[in-house]
Amino acid sequence: MISFTVTAVVFGVVFLAELPDKTALAGLVLGTRYRASYVFAGVAAAFALHVALAVAAGSVLTLLPQQLVHALTGLLFLGGAAVLLLKKEEDDEEIRRPQDQSFWKVAGAGFMLILVAEFGDLTQIMTANLAARYDDPLSVGLGAVLALWAVAGLGIVGGKALMKRVPLRLITKVAALLMLGLGVWSLWEAATG
């Protein structure tokens, strides 16, 4: 049986923790380039997998060395920033036609991005802790996955709205700078932690 209270508490905690995180940024960037429903399908599947792993692992994920997690996350962010900064500029009209992209290509890109970027993330560890604390895996899993889907949806929709007002080149540069900053911050945490 699902506990509404546990689900609501987990939703609130995970939503607030994930909102300023890289997921909203990733959803925003993908949402500017591809069909929103395709992006969301891939991102949602990756989050469901992450939540299932976190709930199944319980508190075991908290035993991972934080320095290693921060170092890997930092390198992933720096790699993502490099890809964005070094990517050949595309014609805005070509990018604005997301129907040219197949469902599997777009959903697969969203799935892989979230799968790699979110592994060992704060919200995954928080979900594992909450699963261990409440001993109610279904309620915890439901609250966490709904919160992550909500944040991803906001990022994707925000990306579509932003594209109507701001050039893609500027969005890409800002996203790259944010990822660069997050990468440096994560590496600094690994070095000082």
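What pattern does the protein chain follow, read along the sequence? The pattern is α-α-α-α-α-α-α-α-α.

## Basis of the model

This is a predicted model: local features need pLDDT of at least 70, side-chain atom pairs count only at pLDDT 80 or more, and totals for chains, interfaces and linings use all residues. Residues are numbered from 1 along each chain as its sequence is written, and side-chain values use heavy atoms, with hydrogens and water left out.

## Overall fold

The protein chain has nine helices and zero strands. Both are DSSP runs, numbered from the N terminus: helices are H or I with at least four residues, strands E with at least two.

The protein chain has 193 residues, and 43% of them are buried. Buried means under 20% relative accessible area, exposed means over 50%, and partly exposed lies in between (1.4 Å probe, protein chains only). The accessible surface of the chain is about 10,100 Å². Carbon and sulfur atoms hold 72% of that surface. Areas come from the Shrake-Rupley method with a 1.4 Å probe; for residues, only the protein chains shown count as cover.

Contact means heavy atoms within 4.5 Å. Of the contacts in the chain with a separation of 6 or more, 95% join residues 24 or more positions apart.

## The cavity

Rolling a probe the size of a water molecule over the atoms shows where empty space is left. Here, a search of the whole structure finds one cavity of 30 Å³ or more. A cavity is a set of points, on a 1 Å grid over the protein atoms alone, where a 1.4 Å probe fits but cannot get out; lining residues have an atom within 4 Å of a point. The largest cavity has a volume of about 60 Å³. That volume is the space filled by probe spheres set on the points, with grid points joined across faces, edges and corners.

The lining consists of F47, H50, V51, A54, E118, T123, Q124, T127 and L148. Two elements give two or more residues each: α3 (36-57) and α7 (122-134). The most comes from α3, with four residues. By class, the lining has four nonpolar, four polar and one charged residues. Ala, Val, Leu, Ile, Met, Phe, Trp, Tyr, Cys and Pro count as nonpolar; Asp, Glu, Lys and Arg count as charged; the others, Gly among them, count as polar.

Helix α3 has 22 residues. Its first and last C-alpha atoms are 31 Å apart, close to the 32 Å expected at 1.5 Å a residue. The expected span is 1.5 Å times one less than the number of residues. Buried residues of α3 include F47, H50, V51 and A54.

T127 has a relative accessible area of 2%, so it counts as buried. Leaving out residues up to four places away in sequence, T127 touches V14, V51, A54, V55, V140 and A144. Just after α7, D135 takes a positive phi of about 50 degrees.

G158 is found in α8 (residues 137-163). Its relative accessibility is 28%, so G158 counts as partly exposed. The C-alpha atoms of G158 and G31 are separated by 7.6 Å, although the two are 127 residues apart along the chain.

R169 is found in α9 (residues 168-192). At 43% relative accessibility, R169 counts as partly exposed.

Technical notes. On a 1 Å grid over the protein atoms alone, a cavity is a set of points where a 1.4 Å probe fits but cannot get out, and a pocket is an open set with protein on both sides within 12 Å along at least five of seven lines; lining residues have an atom within 4 Å of a point.
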